[in-house]
Amino acid sequence: MKHPIEQSYMDFPILRDNRDYTYLDNAATTQKPDVVLKALQDYYTQCNANVYRAIYRWGEESTRRYEAAREKTAAFINAESPDQLIFTSGTTDSINLAAATLCRHLIKEGDEIILTEMEHHSNLVPWQIQAEYAGAVLKFIPVSESGELDLAALEGLWSPRTRILALTHMSNVLGTINPVKEITARAHSRGVTVLVDAAQSVPHMKVDVQDLGCDLLAFSGHKMYGPTGIGALYGKKELLEALPPFRGGGEMIRTVYLDHSEWNTLPHKFEAGTPNIAGAIGLGAAVDYLNSYGMKAIEQREARLTEKLIAGLDSLPEYKLFGRAENRGGIAAFSREGSHSHDLTEYLDGRGLALRAGHHCAHPLGRKLNALSTCRASVSFYNTEEEIEKLITALLQAGEHIL
Ligand code: PLP
């Protein structure tokens, strides 16, 4: 049974069974509702069999559930067709696929790729690796004091050699929501292909790939209440059809000869080997679950919790918040004068609060902010106002317990 959104924690066994423990590390991964756990259990107990290959009832049912999950996930981001939704193991895998194939397809020595200074390592390191192979040059949109992209500076980065622009939709450190639609339009006016890292946006706001206009978009199932080990890469059809395959193996081929092969149609061309069938089905259940509340209600609820979190942090003079973007999501990185973020987080764990501490997989941004290690609270609609108050009270009292 679904609960009102204010009590949605009751949909999650780990949350309803541990009401004295507050989980505020939702940017790292989210908890799993009953309906997702049930979908996994049902798959393994009712129809476990490999997809596509089996001409018997379990195999047919397994394929049906796997493809139904693709349809739901594609519709969730308003993809034009389910064929444009490739299942991967997550955002990192999606970006590695995109970077490797785009660079092979588009990049010649001396071509340029634009990234931003606020990228997660997952949307930086794959480009570094591929740029080195292909002889491409990486350029970066700077981040301003307020934690926003300097769009004036972007105008100075374009060149006739710019081929690709890859950026995050929502920063996993600053919470900044970047104007992806506007940046994509600017890139397209110069013939530049755009990839969006939507790991932090898809779980928390309505993401519409047709409205954004981006060419490729990556996200992870485990950050949107689905299982780990599943995610997706969306792409425009003509682009996905033009790109070479990433991994070779079963199911991605149409015909194989000893000396060459011919590729399967989309999306199978990019799904070599046995896929994460249970994971995809679990992700489909997570999409149904999110739709049952509606992304608008989720966004509004999280905005209220975020406002309370930011106001609470601002009321504590010894704490510094990183990121003051006007358009932001429910992620707040902060530090306490004179305290190490690990000590602070350990203290908070003792007070029944789970927060992240460290570099949040964004070393270059940490260096830029002069804060390589910070604490990070990240909210979900299943958090409550009382939980935010509990965090602020614990932070207020931290001085009595740690240096
Ligand atoms: N991009 C962003 C903005 C993230 O926050 C994360 C994870 O924290 C990733 C990419 C990587 O996601 P995954 O580890 O699920 O591949």
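An oxygen atom of the ligand sits 3.4 Å from a polar backbone atom of Thr91, a polar contact in the sense of a pair of N or O atoms within 3.5 Å (within protein, one must also be able to donate a hydrogen and the other to accept it, and residues adjacent in sequence count only if both atoms are side-chain atoms). In total, 13 residues surround the ligand, and the closest are Thr92, Asp197, Gln200, Ser220 and Lys223; a residue is counted here if one of its heavy atoms lies within 4 Å of the molecule.

The model is predicted, with local features needing pLDDT of at least 70 and side-chain atom pairs counting only at pLDDT 80 or more, while totals for chains, interfaces and linings use all residues. Residues are numbered from 1 along each chain as its sequence is written, and side-chain values use heavy atoms, with hydrogens and water left out.

Now to the helices, which are DSSP runs (H or I, at least four residues; strands are E, at least two) numbered from the N terminus. Helix α2 (residues 34-46) packs against helix α3 (residues 57-76) at an angle of about 160°, their axes 10 Å apart. Axes are lines fitted to C-alpha atoms, for helices over the stretch in contact, and angles between N-to-C directions run from 0 to 180 degrees. So α2 is roughly antiparallel to α3, on a scale where angles under 35 degrees are roughly parallel, over 145 roughly antiparallel, 65 to 115 roughly perpendicular and the rest oblique. On the α2 side, Asp42, Tyr43 and Gln46 meet Trp58, Ser62 and Arg65 of α3, with contact meaning heavy atoms within 4.5 Å. These residues split into two nonpolar, two polar and two charged; Ala, Val, Leu, Ile, Met, Phe, Trp, Tyr, Cys and Pro count as nonpolar, Asp, Glu, Lys and Arg as charged, and the others, Gly among them, as polar. In the loop between α2 and α3, Tyr52 has a phi near 70°, a positive value in a residue other than glycine.

Helix α3 also meets α10, the axes coming within 8 Å and crossing at roughly 45°. That angle makes α3 oblique to α10. The contact draws on α3 residues including Ser62, Arg65 and Phe76, and on α10 residues including Ile277, Val287 and Asn291. By class, there are nine nonpolar, four polar and three charged residues in the contact of α3 with α10. The loop between β10 (261-263) and α10 (277-293) holds Pro267, and the peptide bond from Leu266 to Pro267 is cis, with omega near 0°.

A further pairing involves helix α11 (residues 295-314) and helix α14 (residues 385-396), whose axes come within 10 Å and cross at roughly 15°. This makes α11 roughly parallel to α14. Among the residues in contact are Leu305, Leu309 and Leu313 of α11, along with Ile388, Leu391 and Leu395 of α14. The tally for the contact of α11 with α14 is seven nonpolar, one polar and four charged residues.
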